[in-house]
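Q: I have a structure open and would like to go through it with you. Could we start with the strands and then move on to other parts?

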Amino acid sequence: MIVVSDTNNIKPDSINPLATNISRVLVSSQDIQKRIEELGAQISKDYAGQSLVVIGVLKGAFPFMAALIKHITVPVVIDFVAVSSYEGTSSTGVVRFQKDVEEPLTGRNVLVVEDIVDTGLTLHYLMNTLQVRDPKSLEICCLVDKPARRKIEITSKYIGFTIPDRFIVGFGMDYEEHYRSLDFIGILSPKAIKP
């Protein structure tokens, strides 16, 4: 895990029109790619000689998962699940299950890939739902951990970056479905957030 402060002075790329609403880059594209390679290597080592079902939490985890599986060297089966507890910039506290996994999980190693662990409510609900399907193992890999916002304890075995309590976008994370395509993680400017 890498702890990130929000004191850097990296400016967003002015070529990308979406970047005009980013007040500061928190994690650069290069740092993200390097960390994903490290996570892939660690996961490959931990599951050596085994196979793995990797479940991406839609929509935010898609870019992270797509990059991560390229660096996992054990056999991987991918699947997706969709759950949500967000509206705008805050968690509603009510988790909605929108799409279930299609792969059977009984007796298999399962790795849930998430873009961000914030309040912990969504992942707690999802992990409880998947645990009753009797997987051999069930772990979490998240790109970003934001422990200051935690409402329920959740433990991720693999963490890309631990960040301060800021509203971030990019690399899959969004504000009202925008900014997911940015290749860095940035702090969204307050002027871009609807009152």
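Q: In which sense do β2 and strand β10 pair, and over how many bridges?
A: β2 and strand β10 (residues 185-188) pair in the antiparallel sense, over four bridges. Two strands count as paired if DSSP finds at least two bridges between them. Strands (E, at least two residues) and helices (H or I, at least four) are DSSP runs, numbered from the N terminus.

Q: Before we go on, what kind of model is this?
A: This is a predicted model, in which local features need pLDDT of at least 70 and side-chain atom pairs count only at pLDDT 80 or more, while totals for chains, interfaces and linings use all residues. Residues are numbered from 1 along each chain as its sequence is written, and side-chain values use heavy atoms, with hydrogens and water left out.

Q: Back to β10: which residue stands opposite Leu188?
A: Leu188 in β10 has Ile22 opposite.

Q: And what is the order of the strands in that open sheet?
A: The order is β2-β10-β9, three strands with antiparallel pairing. β2 (22-27) and β9 (168-169) are the edge strands, each pairing on one side only.

Q: New topic: how many aromatic pairs are there?
A: A search of the whole structure finds two. The rings of Phe62 and Phe80 have centres 6.4 Å apart and planes at 45 degrees, so this pair is tilted. Rings of Phe, Tyr and Trp (its six-membered ring) pair if their centres lie within 6.5 Å; planes under 30 degrees apart count as stacked, over 60 as edge-to-face and the rest as tilted.

Q: Which parts does the pair of Phe62 and Phe80 tie together?
A: Phe62 lies in helix α2 (residues 62-69) and Phe80 in strand β4 (residues 76-87), so the pair links parts 18 residues apart in sequence.

Q: What about the rings of Phe167 and Tyr175?
A: Their centres are 6.0 Å apart and their planes stand at 85 degrees, so that pair is edge-to-face.

Q: Is Tyr175 buried or exposed?
A: Tyr175 counts as buried, at 5% relative accessibility. Buried means under 20% relative accessible area, exposed over 50%, and partly exposed in between (1.4 Å probe, protein chains only). Phe62, at 48%, counts as partly exposed.

Q: Which residues of α1 are buried?
A: They are Ser29, Ile32, Arg35, Ile36, Leu39, Gly40, Ile43 and Ser44.

Q: Finally, how many helices and strands does the protein have?
A: The protein has three helices and 10 strands.
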